[in-house]
Amino acid sequence: MSLELVAVAVPVPLYKTFDYLVPARLRGRLQPGMRVKVPFGRRQLVGVALEAPREAGGDLAQYRHVEELLDEETLLPREMLGLARWAADYYRHPPGEVIWALLPGNLRRGQPARLPDDAGLRLTRSGSAALAELPSRKKALRSLLQALGPGPQPRSALPRGPALATALESGWVETVPAAALPFTLAETPPELTPEQSAAWTALQATGGFDVALLQGVTGSGKTELYLRRVAEVLERGGQALVLAPEIGLTPQLVARLQQRFGEGVAAFHSGMSEGERTKSWLRARSGAARVVVGTRSAVFLPFARLELIVIDEEHDPSYKQQEGFRYSARDVAVLRAQRLGIPLILGSATPALETLHNARTGRYRRIELSARVGRGAPPQVRALDLRGQTLQHGLSAPLLDKVQQHLDAGGQALLFINRRGYAPMLLCHDCGWIAPCAHCDARMTLHRGRRRLICHHCGAQQPAPSACASCGGKNLQPVGEGTERIEDALRNRFPMVRTERFDSDRLAKKGELEQLLAGIRSGDIRILVGTQILAKGHDFPGLSLVGIVSADQALYGADFRAVERMGQLVTQVAGRAGRSAGIQGDAAPPAEVLLQTHEPEHPALQQLMRGGYPALAELLLAEREAAGLPPYSHLALLRAESMEAELPLRFLAAARELLAPHADGVMLSDPVPALMERRGGFTRAQLLLQSGSRAALQKLLAACVTRLDGLPEARKVRWSVDVDPADLF
DNA sequence: ACTCGCGACGAC
DNA sequence: TCGTCGCGAGTC
């Protein structure tokens, strides 16, 4: 009898799979997508069979045997194996680690993939017979059986009690899996506005693979369209995936979906315990979860019948993983939808330039929603020229006056500054020393509330000094501003009203955000100071003034996406403001958005103020085209870091030599130090690969990346490839 | 990643 | 001379 070999992905950072002999006892049972226990060197590892076993010939001495089969049925369906293979290829990441990224922790460790699914109950034949003969005094039992007469029901819809136990014992009632339960809407959907109706018609006009960019300002009612699209899918027994950029935004979406669809809505994100995540994973796979709301990693859930993907706030940078396996959940989703032949909805008020470009070239359909449901148009952004102005803790007199005006008129004010802490620098006024981070090329940020200096790049901390470390002088001055400082300044200036800060420091505790949001809605909180946390998800109907403390940093930022991000953030924050005059009745001040800047003539700001984000995007796309940057070219970044200063550049120089002969149609930059060369004790450098053709870039990476491991210079550096990098730091 | 083996140096 | 520390190689 001939022998069989099977290719197994094992969780090691190696760019290949390993072949194992299939022992006779497992013949015919081992399928692709099942987990196996295999010997690996001196260790035992859990791996995943990637292909069906194949006949083996020739010398088999090098192979060892699969030790144990851990699954009785396929854990990762064919579709997932294909997706993993594509991702490993495209992102140049070891296949075993990619497969690992698809599995929750419990399953990686080889635990059984079983989930009791008895969510539903059904009347059996003997149950129907029993019902007819049941004496009428057995009330509870009768009503239970009667309730099940029309068809299977979820347990939760039925009365609990001894009657159920009796019915199950007697075989009158049996359990059915959740996926077998019929779908019903738990609430009546609201009427659509005329504009929503038009968008709805456009959204539906499709079958099979289709990417729709649903571009609508905050409050334009995108979510309702998502819900209706999901409903369609659920009605025909399919499953839907809804991605949100952050953990913080999932509970709202889950609640909204549960309200509409009742049971069968699951969440999946890293804020959940491992057990909960495994449960959602298995429910997606069994079909028990009809809709899953999740963050980035949910794009790899093994749905049984996925028929729709929705990506909310598709422009958000958190969809790109910045560590290890650096995938973009948005791009993976597009590919997955394509392979499955299903529709994908990308929703955003401020789409990424890549997405806008795809819409322009016709790859995506663009569907616009411009009006805000029940609210006025979003206010226009106006510049507040800072030149010549005296600043108090970064705030100009005209801006403070505006805050006063809006408070007087009964409005609320939001001050946006995307920097935590009190001040980004602590300067000695006597000798010029600035408190540095010992591990990074960066300054420590002063957190006055905690009386500490904290490095925002590596997390290093120390107590805030009372004297200069260099000259011993006591004249230490905070320079620049963060949320804490703005909060302080506003509290001092407006002591009679409640001012609250919204950033990750202030909101570390669970439930705190909800409390503060309630305070905003009740009107108790009048001034909000915060970071981008305020830009996402929440609506503040009483908010009439938005002040952007500064956007200038982005204008001179070294990263080519800085201005795009600034435009998105400013637009998103601005969208929080402006109720319609009608809604809350009283004399609410008309909404205003003011942006403090030292360069009001900057073309990017001009565009943003004149035509909003769409106009800015036009300008930026033209700039990108002229500069040959994405989306008009494709990038990959080879990064290297090491504790020893010279090694990263030395490695990249060797890497460049190796790449250069194969670089057909790909431009290789010189190896250069990273923008922040030292970070967390590591010295970092990078090499940029750029090409007009994605295929050419892929071909080069495919030819070379695995061979980089073999370079002697690779020994002592940590290196990685970042395909489609989100930023160049 | 992990684990092993090999050669370098050090108190006994 | 027996230890462990640092590296290079190999993992079906």
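View 1. Three residues, the largest share of the surface near DNA strand C, come from β2; "near" here means a heavy atom within 4 Å. β2 (18–21) and β3 (35–40) each put in at least two residues, with strands taken as DSSP E runs of at least two residues and helices as H or I runs of at least four, numbered from the N terminus. This is a predicted model, where local features need pLDDT of at least 70, side-chain atom pairs count only at pLDDT 80 or more, and totals for chains, interfaces and linings use all residues. Residues are numbered from 1 along each chain as written, chains are lettered from A and ligands numbered from 1 in the order written, and side-chain values use heavy atoms, leaving out hydrogens and water.

**View 2. Backbone atoms meeting DNA strand C.** Sugar or linking oxygens are 3.1 Å from a polar backbone atom of Gly 41 and 2.8 Å from one of Arg 64. Of the DNA strand C atoms within 4 Å of the protein, 48% are sugar or phosphate, and the rest belong to bases.

**View 3. Helix α1 and its cover.** Buried residues (under 20% relative accessible area, 1.4 Å probe, protein chains only) include Met 80, Leu 83 and Tyr 90. Among the elements in contact (heavy atoms within 4.5 Å) with the buried residues are β4 (43–49) and α20 (694–708). Just after α1, Arg 92 takes a positive phi of about 55°.

Technical notes. Polar contact = N/O pair within 3.5 Å; in protein donor to acceptor, adjacent residues only side chain to side chain. Buried < 20%, exposed > 50% of the residue type's maximum accessible area, 1.4 Å probe, protein only.
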